[in-house]
Amino acid sequence: MKTNLCFFDDFWIDCRRNVARQWYSPRLAGTYQDPAFDAATYPSLAWCPEAGCYRLWYEALPHVEVDALRYIGVAESKDGHSWSPGSFATDDPCNQVAPHFVYSGNGGIHGSSVYRDPYEKNPAWRYKCAGMTRSDTIRSFPRGEFPLTLSTSPDGIHWTEHPDRRIYPFTSDAYNCIFFNTT
């Protein structure tokens, strides 16, 4: 039986003993570029069974010259190869800029990742986002003390920031990835 592995992470095979890996030449299976903005970074990807598709979240810069102002955009795919921008109706102001923008972080977001948590008991917290929010206010914080905060969503589209749930009290100018640890 032949299968294709989509978005396979080699880490778990690489750290095993008595396993021989075979290397093949990579084949580009698909790409995605935001249709409205050239600059995009920090992708997160998940199969979303409730939507019946893969979703790709990423930060897009609506104004390339203003790095602090980023929005989360969403692209969708049925097969993990062909992607198209989503079209969503949200109350977030960034949704007026483009229908595939779903979260502005209440003034800009930076370094964010999105995680679909299949173990979450509260459906309103199914999706989690770690990142610096309100990045338009970064200059009002003491140097280096701009916190990483948690935002949650029931569907990966409609987000609620939890400024009282700080993940890290200082600036993290990097991709702030969330993952589930079973221990």
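User: Taking contact to mean heavy atoms within 4.5 Å, which residues does Asn-95 touch, leaving aside its neighbours within four places in sequence?

Analyst: Asn-95 is in contact with Phe-88, Ala-89, Thr-90 and Phe-101 on that count. Please note that this is a predicted model, in which local features need pLDDT of at least 70 and side-chain atom pairs pLDDT 80 or more, while totals for chains, interfaces and linings use all residues. Residues are numbered from 1 along each chain as its sequence is written, and side-chain values use heavy atoms, with hydrogens and water left out.

User: Where is Asn-95 placed?

Analyst: Asn-95 belongs to the loop between strand S4 (84-85) and strand S5 (101-103). Strands here are DSSP runs of E with at least two residues, and helices are runs of H or I with at least four, numbered from the N terminus.

User: Is Asn-95 buried or exposed?

Analyst: Asn-95 counts as buried because its relative accessibility is 14%. The cut-offs are under 20% relative accessible area for buried and over 50% for exposed, with partly exposed in between (1.4 Å probe, protein chains only).

User: What does its side chain reach, at 3.3 Å?

Analyst: The side chain of Asn-95 reaches the backbone oxygen of Pro-99.

User: What about Asp-92: which side chain does it join in a polar contact?

Analyst: Asp-92 joins Ser-104, side chain to side chain, at 2.9 Å. A polar contact is a pair of N or O atoms within 3.5 Å; within protein, one must be able to donate a hydrogen and the other to accept it, and residues adjacent in sequence count only if both atoms are side-chain atoms. Asp-92 is also in the loop between S4 and S5, and at 12% relative accessibility it counts as buried. The C-alpha atoms of Asp-92 and His-158 are 8.1 Å apart, although 66 residues separate them along the chain.

User: Changing topic: how many aromatic pairs does the whole structure have?

Analyst: The search finds 6 aromatic pairs. Rings of Phe, Tyr and Trp (its six-membered ring) pair with centres within 6.5 Å; planes under 30 degrees apart are stacked, over 60 edge-to-face and the rest tilted.

User: Why is S2 largely enclosed by the rest of the structure?

Analyst: S2 is largely enclosed because 8 of its 8 residues are buried. Cys-53, Arg-55, Trp-57 and Glu-59 point one way, whereas Tyr-54, Leu-56, Tyr-58 and Ala-60 point the other way. In a regular strand the side chains alternate between the two faces of the sheet.

User: How many bridges join S2 to S3?

Analyst: S2 and S3 run antiparallel and are joined by 7 bridges, with Tyr-54 opposite Ser-77 in S3. Two strands pair if DSSP finds at least two bridges between them. S1 and S2 also pair in the antiparallel sense, over 7 bridges, with Thr-41 bridged to Glu-59 in S2.

User: What lies between S1 and S2?

Analyst: S1 and S2 form a hairpin with 4 residues between them, and Gly-52 in the turn has a positive phi of about 70°.

Definitions and conventions: Contact means heavy atoms within 4.5 Å.
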